[in-house]
Amino acid sequence: MKDNTSWSCCSWSSWKLCLLSVLILTDTIAAVKLPPNLIIPAVIAFGDSIVDTGMNNYVKTIVKCDFQPYGINFQGGVATGRFCDGRVPVDLIAEELGIKSTVPAYFDSKLNSKDLLTGVSFASGGSGYDPITPKLVTVISLEEQLTYFEEYIEKVKNIVGEERKDFIIANSLFLVVAGSDDIANTYYTLRARPHYDVDSYTTLMSDSASDFVTKLYGYGVRRLAVFSAPPIGCVPSQRTLGGGILRDCADTYNQAAKLFNSKLSPKLDMLHKTLPGIKPMYVNIYDPLLDIIQNPAKYGFKVANKGCCGTGVIEVSVLCNKITSSVCPDVSNHVFWDSYHPTEHTYKVLVSLLINKFIDQLV
């Protein structure tokens, strides 16, 4: 695990000068028009591989992707630890909001004060709401991500002082993306919760999600976007494992995702009513992604049932590598990069469909 302790650009007495230098260095132009009263200083992510920007590079786990062909469409073709051919949702959302074009991992050895003040990702590929899920693949649990967040808060305070730190935490946008690995891996593939039926398991997940948001609130977080589970039964690897000989979408997996989503949304509504000042957004990713998968041509895609890496039906993480896996001729034709994760192009389509809803609910 990495822990840089040298981040400090200024004392309390000169934090205004420090922040001014940060603003001068920030040259990303917002792609969407923000209301004049809406200030979003940073984007910060928790969760799993969908928003992991390199945390697993520093963890002893097989759930890694810091090697080619991952990152072939990232700046310079670098494999950064993002489970994608390029950037992932946290990057794209930060760019749309005019903050920056990439959000580094909290463990990134090159982090500086500007990075801290404008957002990092604590997410770890393979993690989930079920505490067993990260243990099965030795990655960073949500609880551990909160521990690192505590460190982050202290570092931000040391840079800009208590008052500005509180402002950044209260006004930044926090993304929480988890649940896919719980359903696909822990529950169905590994059968690690044999005494739970799907109803009780999705209740465990939604209760854990609610508890996690409540803990974030305790740190001063107010603006959260909590993503629903996707149509996990339609990702290529789950078609292969649960979709029969024709590799149809695994309906039982999708039903579990929808059941979880039906519990998550009211949980967030309840928190909005009981926690003063919190703005928890339920982000329905299920329906737009399913529409892309079912109607790829409508969005400019040609292949939705296979990934671009290797055969596209099972390769993910270490199985998607430049030694044993070829890459499709045109990544932009594919909804999925590997057998589990969408391409950057797909993420861009999804973000473009959702970003204005984000802004409307943040005001």
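The model is predicted. Its largest pocket holds about 570 Å³ of space. Its largest cavity has a volume of about 310 Å³. Helix 5 and helix 6 cross at roughly 130°.

**The largest pocket**

- The lining of the largest pocket is made of 25 residues.
- Nearest the centre of this pocket lie V63, V137, N185, V316 and S317.
- By class, the pocket lining has twelve nonpolar residues, twelve polar residues and one charged residue.

**The largest cavity**

- How many cavities of 30 Å³ or more does the structure hold? There is one.
- The largest cavity, at about 310 Å³, is lined by 26 residues.
- Closest to the centre of the cavity are I50, P230, I285, L289 and Y347.
- Helix 2 (89–96) and helix 12 (344–362) each give at least two residues to the cavity lining.
- Which helix gives the most to this lining? Helix 12 does, with six residues.
- The cavity lining divides into 21 nonpolar residues, four polar residues and one charged residue.

**Helix 5 against helix 6**

- Helix 5 spans residues 142–160, and helix 6 spans residues 162–171.
- The axes of helix 5 and helix 6 come within 7 Å and cross at roughly 130°.
- Why is helix 5 called oblique to helix 6? Helix 5 is oblique to helix 6 because their axes cross at roughly 130°, and an angle counts as roughly antiparallel when it is over 145 degrees and as roughly perpendicular from 65 to 115.
- The crossing of helix 5 with helix 6 is right-handed.
- On the helix 5 side, the contact is made by F149, Y152, I153, V156, K157 and V160.
- On the helix 6 side, the contact residues are E162, R164, K165, I168 and I169.
- This contact has seven nonpolar residues, four charged residues and no polar ones.

Terms used: Residues are numbered from 1 along each chain as its sequence is written. This is a predicted model: local features need pLDDT of at least 70, side-chain atom pairs count only at pLDDT 80 or more; totals for chains, interfaces and linings use all residues. Side-chain values use heavy atoms; hydrogens and water are left out. On a 1 Å grid over the protein atoms alone, a cavity is a set of points where a 1.4 Å probe fits but cannot get out, and a pocket is an open set with protein on both sides within 12 Å along at least five of seven lines; lining residues have an atom within 4 Å of a point. Grid points are joined across faces, edges and corners, and a volume is the space filled by probe spheres set on the points. Ala, Val, Leu, Ile, Met, Phe, Trp, Tyr, Cys and Pro count as nonpolar, Asp, Glu, Lys and Arg as charged, and the others, Gly among them, as polar. Axes are lines fitted to C-alpha atoms, for helices over the stretch in contact, and angles run from 0 to 180 degrees between N-to-C directions. Helices (H or I, at least four residues) and strands (E, at least two) are DSSP runs, numbered from the N terminus. Angles under 35 degrees count as roughly parallel, over 145 as roughly antiparallel, 65 to 115 as roughly perpendicular and the rest as oblique. A crossing is left-handed if the near helix is turned anticlockwise from the far one by less than a right angle, and right-handed if clockwise. Contact means heavy atoms within 4.5 Å.
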